[in-house]
Amino acid sequence: MSANDRIPAPAESGGRMPRQIPYIIGNEACERFSFYGMRNILTPFLITSLLLYLPVAERAGIAKDVFHTFVIGVYFFPLLGGWISDRFFGKYHTVLWLSLLYCVGHACLAVFEDNRTGFYAGLFLIALGSGGIKPLVSAFVGDQFDQSNKAMAKVVYDAFYWTINFGSFFASLLMPRILASWGPAWAFGIPGILMFIATVIFWSGRKKYVHVPPTPRDPHSLMHVARSALLAPGKGRSGLALAAIGGALAIAMFAAWAISPAWWPEHFNFVITFCLALGVFILFGGMGTSMQLERARGLHPDAAVDGVRAVLRILIVFAIVTPFWSLFDQKASTWILQGNVMVMPHDAWWWPSWLVQKPAQMQALNPLLVMLLIPFNNIVLYPFLRKLGFKVTALRRMGWGIAFSGFAWIAAALIQLSIDGGTPTSIAWQVLPYALLTFGEVLVSATGLEFAYSQAPESMKGTIMSFWMLSVTFGNLWVLLTNAAIRNDTVSGMVAQSGLSEAAFLMFFFAAFALLAALVFAWYAKRYPLADHYRAV
């Protein structure tokens, strides 16, 4: 059987919604609730329970390290899940087996609520399971459609996106209350039960699914083309030398981490070192490949070589977007820590005290606003801007999205100044930074994959999805690097001299980081050679 042959599901009449889709949607709804349910209470639990052995002043910083290390894993493991699926087991079996590990991870969180080793093992398994299935479930949906009913696929993908935000909204509202009222065993156990239900639902549809078998080794993949470009004979080897320097630097970083010489930063742990080494390898390898890419022509089809060129250009866009993710994911760490010292306005008539009682519940604003902003942008904002003569391109939306994340953090920093000044500050003020950040998210996240899909040739679209998720990993790496730097005596002395608290200083820093990235993005966007690789009708 060839790689493109399908194992068909039971016959369907043309144009109808496949019978197996409800199983996948049900799985997604339960899985997303389970993931966001545990993710959104992780920081509060760490500070109030697992990290009590630490001095009070250190708990917030360590909690942020744990949280962002976890997120790094969630968005790194899609590379592993996609590779296992494509080369060995196929999407269905990979999703099923990783989902079982996912369930074991949740069980570890519930059982080892007072055991750091067991709890961190649970986080690792959840990152592996959640990250591993992340690129597969949506692709598995696409496998269920053919030419007769492909128009129905958009309805299902819309339902997917709605389900993600629906699960996130209710998880953000309910789980902080359950953590406070019932304790961590139930707060982490309930998401585990839902993940088990998600796995059972997915397994129940096994006889109805369309199964696409794993693909054979592609001799014209990105890695094969890059290797040919670097190693093919020709005049000058500057590209190969640059790639070799990147490889040597990556190895040197691991050696420095293992040996820990005096000059190696004390707080650069394995995760930071690994991500830095990976970043250096991609940067130098990509630059070297670009310099010698034309040497791969003749050894590979022109389409494959042009596809690698397109991917390398898109990677620059993704790299500039990484500061956005460093700001976005801190809403579940830094902003919760800020909310913990703010005033809950229960005496105000307009405050829903019956619903919102914990600072972590403010995260529910994000999915709620996403569900409101996407139709508003598409129906009202974008048509209005077009009437005014503004071209609402994908690159412009992404650039402004990065800028709005910077504005959100300016708002958060101003709130922090009020708190630091001793003024009792209502947590309702956090609505403003949440609104600005969510608007930025819609412009960046909802647009980024659309842009990448249009720019990447068909053979490289899966590769682009993996790199897009990897950009989130590097965004969270910025947070870990900042946390490590702030523990340095020289840096902490600079913060003290600024007259700002550490929290306010970091908020202004991240705001400036995002605004600078937005300027760089705008500069690069003007020079980006747009392509159109949508599939022909």
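This is a predicted model: local features need pLDDT of at least 70, side-chain atom pairs count only at pLDDT 80 or more; totals for chains, interfaces and linings use all residues.
Elsewhere, charges pair up: the count comes to eight salt bridges.

- With a relative accessible area of 47%, Arg396 is partly exposed.

**A buried salt bridge between helices**
- Asp143 and Lys91 form a salt bridge, with their closest N and O atoms 3.0 Å apart.
- This pair ties together distant parts of the chain, with Asp143 in helix 4 (residues 116-143) and Lys91 in helix 3 (residues 78-111), 52 residues apart.
- Asp143 is buried at 11% relative accessible area, and Lys91 counts as buried too, at 15%.

**A salt-bridge network**
- Arg297 bridges to Glu294, where the closest N and O atoms are 2.5 Å apart, and also to Asp302, at 3.3 Å from N to O.
- Through shared partners, salt bridges join Glu294, Arg297, Asp302, Asp306 and Arg309 into one network.
- Arg297 is partly exposed at 30% relative accessibility, as are Glu294 at 44% and Asp302 at 45%.

**A buried serine**
- Ser471 belongs to helix 15 (residues 461-486).
- Leaving out residues up to four places away in sequence, Ser471 touches Phe318, Thr322 and Trp325.

Notes. Residues are numbered from 1 along each chain as its sequence is written. Side-chain values use heavy atoms; hydrogens and water are left out. Buried means under 20% relative accessible area, exposed over 50%, partly exposed in between (1.4 Å probe, protein chains only). Helices (H or I, at least four residues) and strands (E, at least two) are DSSP runs, numbered from the N terminus. Contact means heavy atoms within 4.5 Å. A salt bridge is a side-chain nitrogen of Lys or Arg within 4 Å of a carboxyl oxygen of Asp or Glu.
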